[in-house]
Amino acid sequence: MSKISAAITAVGAYVPEYVLTNQILETMVDTNDEWITSRTGIKERRILKDDGKGTSYLAIKAAQDLINKKGIDPKTIEVVIVATATPDMKAASTAAYTASEIGATNAFTFDMDAACSSFLFGMSVAASYIESGRYKSILLIGADKMSSIINYKDRATCIIFGDGAGAVLFEPNTDGLGLQDEYLKSDGTGREFLQATYGGSSYPISVEAIEKNGQYAFQEGKTVFKNAVFNMADATVKIMEKNGLTKSDVSWLVAHQANKRIVDATAQRIELEDEKVMSNIEKYGNTTSATLPLLLNDYESKLKKGDNLIFAAFGGGFNWGSIYLKWAYNSVN
């Protein structure tokens, strides 16, 4: 019997209609387009404005896009994982609601949170389920409504983040395609530098916390940047060394879109040409769990069966790592 690997066989995505440009941000905080662009590479980001709509709305839209493009019956999906740092609510699973709304009524579901590494870690989990032979159809969605935890008076964070969602379908493959290897790491001593404190069990929401804007995300930029640059690049090198890959073997770098300078540093570490580096940060900003699947969706038409993709991410926790995956299909678009 041929070895089973977990291949991505379909992608989908959704971003909200409202575009928050650098020019609009200039009217909200003390910043300007040149400053934002030169330091982050971001020109605009999408924001979900509709009242009462949360991360599940984004996840549902991305999942429906995939289902329609692939032409599958949602009842054949066996597992739905929503990778997110901004679930709809505490306790009640965003994934469970998402699955019900898309008609995946035969699936078991759960949320997964590793901040900006959520989707990367979710790929590992989904692939393990497929490789076990127990499941044949897993929907992994990366979705975040970051605008729900951003203070738009804080220029350190409001210029960076946007809302969006992307989805991929994992299915078994016996031709050697799909996820090949992974290098995943965590270091909990870094959590003070990147987090949204209040609302968690150690820091319940209170009137005093809200008066101090404690419910919003906080980032100590210099420390996070330094760790992200080193660890994303280091993980990328390690996954390539483990698998005997050179830069000529790599078809695409699929790196978390936190900051263009971080992505560039990762690419430079492995001496990869710019044309092999996926990038859409200028359009969406940092959509946290959604960045990797949004990249796949944007570049799907350029991907070819057998392409070697190197994924890399870094996020709060700290959590980071890299995954080596062989693309499994040629786009019909």
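1. For the 333 residues of this predicted model, a compact globule would have a radius of gyration near 20 Å, and because the protein has 19 Å, the value agrees with that expectation. The C-alpha trace spans about 60 × 45 × 40 Å along its principal axes.

2. The secondary structure comes to eleven helices and 13 strands. Among contacts between residues at least 6 apart in sequence, 77% join residues at least 24 apart, and 55% of the 333 residues count as buried.

3. The largest nonpolar core holds 35 residues, of which M123, F170, L296, L309, F311, L325 and W327 touch the most other members. Helix α5 (residues 118-132) gives the most to this core, with seven residues. Another core, of 26 residues, lies apart from it and includes L194, I270, L272 and I310. In soluble globular proteins, nonpolar side chains tend to be buried together.

4. Leaving aside residues up to four places away in sequence, L309 touches W252, V254, L296, L303, I323, Y324, L325 and W327.

5. D234 has its place in helix α8 (residues 221-242), and it counts as buried because its relative accessible area of 12% falls under the 20% cut-off. Not counting residues up to four places away in sequence, D234 touches Y183 and R269.

6. As for the surface, the protein exposes about 14,400 Å², and carbon and sulfur atoms supply 48% of that area.

Terms used:
Residues are numbered from 1 along each chain as its sequence is written. This is a predicted model: local features need pLDDT of at least 70, side-chain atom pairs count only at pLDDT 80 or more; totals for chains, interfaces and linings use all residues. Side-chain values use heavy atoms; hydrogens and water are left out. Helices (H or I, at least four residues) and strands (E, at least two) are DSSP runs, numbered from the N terminus. Buried means under 20% relative accessible area, exposed over 50%, partly exposed in between (1.4 Å probe, protein chains only). Contact means heavy atoms within 4.5 Å. A nonpolar core is a set of buried Ala, Val, Leu, Ile, Met, Phe, Trp, Tyr and Cys residues joined through side-chain atoms within 4.5 Å. The radius of gyration is taken over C-alpha atoms; the globule rule is 2.2 Å times the number of residues to the power 0.38. Accessible areas come from the Shrake-Rupley method with a 1.4 Å probe; for residues, only the protein chains shown count as cover.
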